Amino acid sequence: MRYSPLRLRHEFNLGGARSLGGQDFVTSHQLSGTYRFHLTDRWNLALSGNYITTGLTPAAERLIAVEQVFPDVAYALYQADFLVGFNLFYGKIRLSLDTALYFDPYLALGGGVIWLNRGRVGAGTLDAGIAFWTGKSTSVRLGVKDSVYQEERRLSKSIVQNITGHLEVGILFGGEGT
């Protein structure tokens, strides 16, 4: 039995993310907002949007300084995803006789759109992490999101895998848990 049932509840999350590598010349930070509708305690549908800021890596700055060449890069400005999520199991860690921390490891899979500086592209997205339930109506999510898309640059194009680590805080409304 769950401490706070999720069935038919709405969850709103705000958070941030940072790129974990994969691109040689660009690093990114993201501000995100997610709406999640919990169909059951295990299944949910999520719609998320990200505002992305980018910067050059030290490798790109060296290329500019030493070779006088600006790298041929494309970078993301915004991202929107629709994901279907599944909570793998429901867990509890007893912190004391009176206090417990409840959690759900989760996987989410879906697609979306990424707006690059050179146009818009479709993306496939996988999100994996742990949702911690800090009360009957609050959550903290820690995860890794992997988005795969085709990136077109001025001189070339390739399939890109953008992996980000993210942290979100959320609040739950409605449903059977209220």
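Predicted model: local features only at pLDDT ≥ 70, side-chain atom pairs only at ≥ 80, totals over all residues.
Helix α1 covers residues 58–67, and of its 10 residues the number buried is 1, so the helix lies largely in the open. Now for the rest of the chain. There is 1 helix in the protein chain, together with 9 strands.

Some overall figures, for orientation. The C-alpha trace spans about 65 × 30 × 20 Å along its principal axes. The chain has 178 residues, and buried residues make up 38% of them. The accessible surface comes to about 9,700 Å², and carbon and sulfur atoms hold 64% of that. As for contacts with a separation of 6 or more, 62% of them are between residues 24 or more positions apart.

Arg36 forms a salt bridge with Glu11, with the closest N and O atoms 3.9 Å apart. Arg36 belongs to strand β2 (residues 26–38) and Glu11 to strand β1, so this pair ties together parts that are 25 residues apart in sequence. Arg36 and Glu11 are both buried.

Glu11 has another partner. Arg141 also makes a salt bridge with Glu11, and here the closest N and O atoms are 3.0 Å apart. This pair links distant parts of the chain, with Arg141 in strand β8 (residues 138–152) and Glu11 in strand β1, 130 residues apart. Arg141 is buried, as is Glu11. Put together, Glu11, Arg36 and Arg141 are linked in a network of salt bridges.

Arg141 has one more thing to show us. Its charged end sits over the ring of Tyr106, 5.0 Å from the ring centre.

Another salt bridge brings together the side chains of Lys145 and Asp81, at 3.4 Å from N to O. Lys145 lies in strand β8 and Asp81 in strand β4, so the pair ties together parts 64 residues apart in sequence. Is Lys145 buried or exposed, and what about Asp81? Both Lys145 and Asp81 are buried.

Now to the rings. Searching the whole structure turns up 8 aromatic pairs. One of them is Phe12 with Phe173, which is edge-to-face, at 5.9 Å centre to centre and 65° between the planes. This pair links distant parts of the chain: Phe12 is in strand β1 (residues 9–19), Phe173 is in strand β9 (residues 157–173), and they are 161 residues apart. Why does Phe12 count as partly exposed? Because its relative accessibility is 40%, and Phe173, at 41%, counts as partly exposed too.

Next, the rings of Tyr90 and Tyr102. Their centres are 6.0 Å apart and their planes are at 5°, so the pair is stacked. Tyr90 sits in the loop between β4 (76–87) and β5 (91–94), while Tyr102 is in strand β6 (residues 100–116), and the two are 12 residues apart. Tyr90 has 29% relative accessibility and counts as partly exposed, whereas Tyr102, at 14%, counts as buried.

Ring pairs link Tyr3, Tyr90 and Tyr102 into a cluster. And what sits over the ring of Tyr3? The charged end of Lys136 does, 4.3 Å from the ring centre.

The backbone oxygen of Lys136 lies 2.7 Å from a polar atom of the Ser4 side chain. Ser4 itself is found in the segment before β1, and at 9% relative accessibility it counts as buried.

One is the salt-bridge network of Glu11, Arg36 and Arg141. The other is the ring cluster of Tyr3, Tyr90 and Tyr102, with the charged end of Lys136 over the Tyr3 ring.

Conventions: Residues numbered from 1 in each chain as written. Heavy atoms only, no water. Phe/Tyr/Trp six-rings, centres within 6.5 Å; stacked < 30°, edge-to-face > 60°. Helix = DSSP H or I, 4+ residues; strand = E, 2+ residues; numbered from the N terminus. Buried < 20%, exposed > 50% of the residue type's maximum accessible area, 1.4 Å probe, protein only. Lys NZ or Arg CZ within 6 Å of the ring centre and 35° of its normal. Salt bridge = Lys/Arg side-chain N within 4 Å of Asp/Glu carboxyl O. Polar contact = N/O pair within 3.5 Å; in protein donor to acceptor, adjacent residues only side chain to side chain. Contact = heavy atoms within 4.5 Å. Areas by Shrake-Rupley, 256 points an atom, 1.4 Å probe, with all protein chains shown as cover.
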